Amino acid sequence: MLVLDGKIAAAAVKELLKTKTEQLAAQGKRKPHLAAILVGNNGASETYVASKVKNCEETGFASTLIRLADTIDEASLLSTIHELNSNPNIDGILVQLPLPKQISEQKVIEAIDPLKDVDGFHPINVGKLVQGLSTFIPATPYGIILMLEHYQIETKGKHAIVIGRSNIVGRPMSILLSSNLKQGNCTVTICHSHTPNLKELCLQADIIVAALGKPGFVTADMVKPSAVVIDVGITRVEDSTAKKGFRIKGDVAYEEVATKASAITPVPGGVGLMTIAGLLKNTMHAYEQRANG
Ligand code: NAD
């Protein structure tokens, strides 16, 4: 059984980006620059954004973190986004989700310049993804594709099951895996909370991507021998024995599924790290697209 190690695969992506950034510096050019907006102080969001900023630094990118109070109104947030849209030194903009109730996430997503939309959530970029055009691929599915590429997992002709149909993970994942790409060309079944025969479907899958947010949901009896299992889930589960009072759990019962799978991602240390690699790739793509446009 192969452990699909996010640390190793993400380091390989970051190393290539770092080399590119050093070449830009040697040519006297500026660095790619990511701006991240964090609204409020949700613990998980703080952790994700801090990690994104740290990874930018490690890759040689510039980053700007804009922190806004959770009481901020929608108009003020939109105005901050418009300023970043028109700032020529900013290549990528991300607004960490979720947002407080008074703010429409859809309006925020649509306010970001599609050319700076490094999360790939803008409808224009989603449309391009569906049509197989060059675009920003949402970071988590992109990271999974990069992981499959790094470990040279064959996908062509395989049956993939994606559990979860969210706009940020499940749906774009299903589009990518079914696209005519090297790490695509699967026959994809997308499952959700109204899928009645999930276990039977999973047992037919060569590749399972679990993105539903239910710790330990995918058990060994749902997995065909030698399947590839990708665990996207990140749930904080209370644990008084843990230093922080919680542990991060994935959607797959790792210990038992690992005995059946041919390859599996751990949580933590798997898809989460690849998500950041996807984001960094998108930021470089934004930089290059803007520099050449
Ligand atoms: P979401 O809540 O938006 O969507 C969950 C999906 O799961 C829904 O489409 C729902 O229909 C489906 N679902 C729920 N219960 C189900 C069931 N019993 N059977 C089948 N389908 C079911 O979640 P999301 O934003 O897509 O995130 C999913 C998980 O991935 C969460 O744990 C989240 O924290 C994690 N996540 C991780 C990363 C990462 O970088 N590793 C990034 C984004 C999200």
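Start by selecting Ile234 together with the ligand: a backbone N or O atom of Ile234 sits 3.0 Å from an oxygen atom of the ligand, a polar contact (a pair of N or O atoms within 3.5 Å). You are looking at a predicted model, where local features need pLDDT of at least 70, side-chain atom pairs count only at pLDDT 80 or more, and totals for chains, interfaces and linings use all residues. Residues are numbered from 1 along each chain as its sequence is written, and side-chain values use heavy atoms, leaving out hydrogens and water.

Then show Thr275: here a polar side-chain atom lies 2.7 Å from an oxygen atom of the ligand. Of the ligand's 860 Å² of accessible area on its own, the protein covers 73% (Shrake-Rupley method, 1.4 Å probe).

Now widen the selection to the 22 residues around the ligand, taking those with a heavy atom within 4 Å of it. Colour helix 10 (residues 271-292), which gives the most to this shell, with three residues; helices are DSSP runs (H or I) of at least four residues and strands (E) of at least two, numbered from the N terminus.

Six strands form an open, parallel sheet in the order 1-11-8-7-5-6, where two strands pair if DSSP finds at least two bridges between them. Strand 1 (2-3) and strand 6 (187-191) are the edges, each pairing on one side only. Zoom in on strand 5 (residues 159-163), joined to strand 6 by five bridges; one to pick out is Val162, whose bridge partner in strand 6 is Ile190.

Methods. Polar contact = N/O pair within 3.5 Å; in protein donor to acceptor, adjacent residues only side chain to side chain.
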